[in-house]
Amino acid sequence: MKIKQYFRPTKAIIDLQAIKQNVINLKKHLQPNVQIIAVVKANAYGHGDLAVADAALKAGATMLAVATPDEALHIRAHFSEPDILVLGSSPVSFAPYAAQQRITLTVFSSEWVNEADEYVTNEENFLRLHIKVDSGMGRLGVRTEEELLNLYHGIHAAKNFQLDGIFTHFATADDEDNEYFESQAQFFERFVSLLPEKPRLVHASNTASSLIKDERLQFDAVRYGISMYGLSPSPYVKGLLPFALSPAFSLESELVHVKQLKAGESVGYGATFVAPTDMWVGTIPIGYADGVIRKLGGQEVLIDGQRMPLIGRICMDQCMVALPKTYAIGERVTLLGRQEQAEISVDEWANKLQTINYEVPCIITARVPRIYI
Ligand SMILES: *Cc1c(COP(=O)(O)O)cnc(C)c1O
């Protein structure tokens, strides 16, 4: 494979071995015959959809899931074999493409089925569908028995459709409180039992549910996302993990300029940082256009195995770091990941940004090349 050459030293390093190990560990944890659907939506949570899909399939996943039709097409263009499920809604106009490319769609309305039936005319290509049940997430899915049965019969009446699965999604699987979770589980189980015939794949569990909740909810398959990337769905789940997770995402750059400031000299837009004493300052070629957003001002980075703080405002393409001494140009800077014993975790950034770890690799923009090891 031709490797593209990058001249800027800023890159995201993706550890595919870590992803494989996380999938292998999950597989051991699941009941026998439960399949793993690897969730690679949003460019595999920012890690790179093609490389992650390949690693997950090699480690034992049997199906891929994405959020959008376009994500599915991108993966299908590179992988002809695996089943790909679009978890989100698809426009009716996508139905013939999905049939032709063997992409499985999520459905939750019989109107959609009736309209799409007009579009899918080639009888060689069945369109495979999974019914989505809204058991309490309030996002997508059938909510009443009537909607469910209308949809079920609509799919069976359509010329070229095949019901391949039924699924739901939990709103509180990563929570200690089990009450809402169980009410969703029972709602879904009841809906599955209403079907005249059970489709091939019944699935409900995301990472949190598959790791810490009742094994009966593994059904035929689990949809494994965040933990494949080595991150915990929540601090509560982190305390209960049945096996250690290996984080796959690191963010690295290098010092491209090092200088000494005199006391009283300033750094960055607005001249907000003023050197309290003579000090060494390094410039790192990464900024908010790369996803190192301005809210990360003051965040520490790793250089020479030690934590050092960003100073001044983060610029679009660069930021500055306070150094305890001079360093050579080209000195490695780790914004996320490990250097020797020190680590800056995705969770640390999530705390600083008052968000969840899921969001962190997703905000690292496409300008940052993903390099696979
Ligand atoms: C994103 C998503 C998942 C994966 O959830 P994780 O918590 O990352 O494991 C599973 N199912 C659906 C419907 C999703 O949208």
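**The ligand and lysine 41**

Tutor: In this predicted model, an oxygen atom of the ligand lies 2.7 Å from an N or O atom in the side chain of lysine 41. Only heavy atoms are used for side-chain values, without hydrogens or water, and residues are numbered from 1 along each chain. Local features need pLDDT of at least 70, and side-chain atom pairs pLDDT 80 or more, while totals for chains, interfaces and linings use all residues.

Student: Why is that called a polar contact?

Tutor: The term needs a pair of N or O atoms within 3.5 Å, and 2.7 Å is within that, so it counts. The ligand's oxygen atoms also come 3.0 Å from a polar backbone atom of glycine 225 and 2.7 Å from a backbone N or O atom of isoleucine 226. Taken alone, the ligand exposes 390 Å², and the protein buries 93% of it (Shrake-Rupley method, 1.4 Å probe).

Student: What surrounds the ligand?

Tutor: The residues with a heavy atom within 4 Å include Val39, Lys41, Arg139, His169 and Tyr358. That shell divides into five nonpolar, four polar and three charged residues.

Student: How do you know where the ligand sits?

Tutor: More than half of its atoms must lie within 2 Å of a pocket's grid points, so the ligand sits in the second largest pocket. A pocket is an open set of points on a 1 Å grid, with protein on both sides within 12 Å along at least five of seven lines.

Student: Which residues does UniProt list for "active site"?

Tutor: The unreviewed entry lists Lys41 and Tyr269. They are spread over 229 residues of sequence, and up to 36.1 Å separates their C-alpha atoms. Of these, Lys41 is in the lining of the second largest pocket (an atom within 4 Å of a point).

Definitions and conventions. Polar contact = N/O pair within 3.5 Å; in protein donor to acceptor, adjacent residues only side chain to side chain. 1 Å grid on protein atoms, 1.4 Å probe; cavity = no way out; pocket = protein on both sides within 12 Å on 5 of 7 lines; lining within 4 Å. Nonpolar A, V, L, I, M, F, W, Y, C, P; charged D, E, K, R; others polar. UniProt positions renumbered as here; feature names shortened; annotations may be inferred.
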